[in-house]
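Please read them alongside the sequence and the coordinates.

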Amino acid sequence: MKVYGLIGYPLSHSFSKGFFAEKFAREGIRNCMYESFPIPEIAGLPALIAQYPDLQGLNVTIPYKQAVMPYLDELSPAAAQIGAVNCIRFKEGRKVGYNTDAIGFRRSLEPLLKAHHNKALVLGTGGAAKAVQYVLESLNIPYKLVSRQAAADSISYEQLDASIMASHTLIVNTTPLGMYPNVDAAPALPYEQLTDKHLLYDLIYNPAVTAFLQQGADRGATIKNGHEMLILQAEASWEIWNND
């Protein structure tokens, strides 16, 4: 039996376990199981690996995407550049870390991009923002990081004037603002500056239309939530685990 799973803490609701159970059933994949492994400390990872000698791959979620890195033997170039891992492959005694968040984000964003989406605002500066930055750099789309307080590498929401909003037509929310149950929250953008030229992408997928996305839709902008990205990053993990 090949074992796959998800580590993080807590894992009260795991998209991954349900996704892979359905995938295995739908595609007739036998002798495979996917489990949730809530480990209160990342230091518990070696014991978990020892407990499951048939472990083939793990997904990694909050809060261990960075903390897991010292436990790995190798990083993919993308994971090393992003500085975060959400997928581990076990092969021939080695643990290799990958970042499929970046793969999922890129595959879901690219079909929506038009020629005028040539500058971006990335809302938030946490771990999720790092994968987004990596993808934008690989697509040659310059971006500004936006945070509550300006810093050496970011501007504040207060600094978003009409000219920045007009020229930065791709806006990606990597913050948890607006996630269920706090569905009324939204990043503090000057939403009145949005037009039908803007593309708003929210990594959140619950609710399907966040307050951030709704503000864009109300002004004719193209909107996209994070649900397809989630599916695509899971599929990318499966590709990595099964790529000989």
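1. Surface patch. Met 179, Tyr 180 and Val 183 form a nonpolar patch on the surface, and together they have about 300 Å² of accessible area. Patches are made of residues with over 30% relative accessible area and no salt bridge, with like charges joined within 9 Å and nonpolar side chains (Val, Leu, Ile, Met, Phe, Trp, Tyr) within 5 Å. A salt bridge is a side-chain nitrogen of Lys or Arg within 4 Å of a carboxyl oxygen of Asp or Glu. Accessible areas come from the Shrake-Rupley method with a 1.4 Å probe, and for residues only the protein chains shown count as cover.

2. Basis of the values. This is a predicted model, in which local features need pLDDT of at least 70 and side-chain atom pairs count only at pLDDT 80 or more, while totals for chains, interfaces and linings use all residues. Residues are numbered from 1 along each chain as its sequence is written, and side-chain values use heavy atoms, with hydrogens and water left out.

3. Met 179. Met 179 counts as partly exposed because its relative accessibility is 39% (buried means under 20% relative accessible area, exposed over 50%, partly exposed in between; 1.4 Å probe, protein chains only).

4. Overall form. The protein has 8 helices and 12 strands (DSSP runs numbered from the N terminus: helices are H or I of at least four residues, strands are E of at least two). For 244 residues, a compact globule would have a radius of gyration near 18 Å, and the 19 Å of the protein agrees with this (taken over C-alpha atoms; the globule rule is 2.2 Å times the number of residues to the power 0.38). The C-alpha trace spans about 55 × 40 × 35 Å along its principal axes. Buried residues make up 48% of the 244.

5. Largest nonpolar core. Which members touch the most others in the largest nonpolar core? Of its 22 residues, they are Phe 105, Leu 109, Leu 136 and Leu 170. At least two residues of this core come from each of H3 (77-82), H4 (100-109), E7 (120-123), H5 (127-138), E10 (170-173) and E11 (199-202). Helix H5 gives the most, with 5 residues. A nonpolar core is a set of buried Ala, Val, Leu, Ile, Met, Phe, Trp, Tyr and Cys residues joined through side-chain atoms within 4.5 Å.

6. Leu 109 and the second core. Apart from neighbours within four places in sequence, Leu 109 is in contact with Leu 136, Leu 139, Leu 170, Leu 199 and Tyr 201 (contact means heavy atoms within 4.5 Å). A second, separate core has 18 residues, including Ile 42, Leu 58, Val 85 and Phe 90.

7. Tyr 98. Strand E6 (residues 94-98) contains Tyr 98, which is partly exposed because its relative accessible area is 21%. Beyond residues up to four places away in sequence, Tyr 98 touches several residues, among them Ser 76, Val 85, Arg 89 and Ile 240. Tyr 98 and Leu 113 are 15 residues apart in sequence, and their C-alpha atoms are 25 Å apart.

8. Thr 210. Located in the loop between E11 and helix H7 (211-218), Thr 210 counts as buried because its relative accessibility is 1%. Leaving aside neighbours within four places in sequence, Thr 210 is in contact with Gly 178, Asp 202 and Ile 204.
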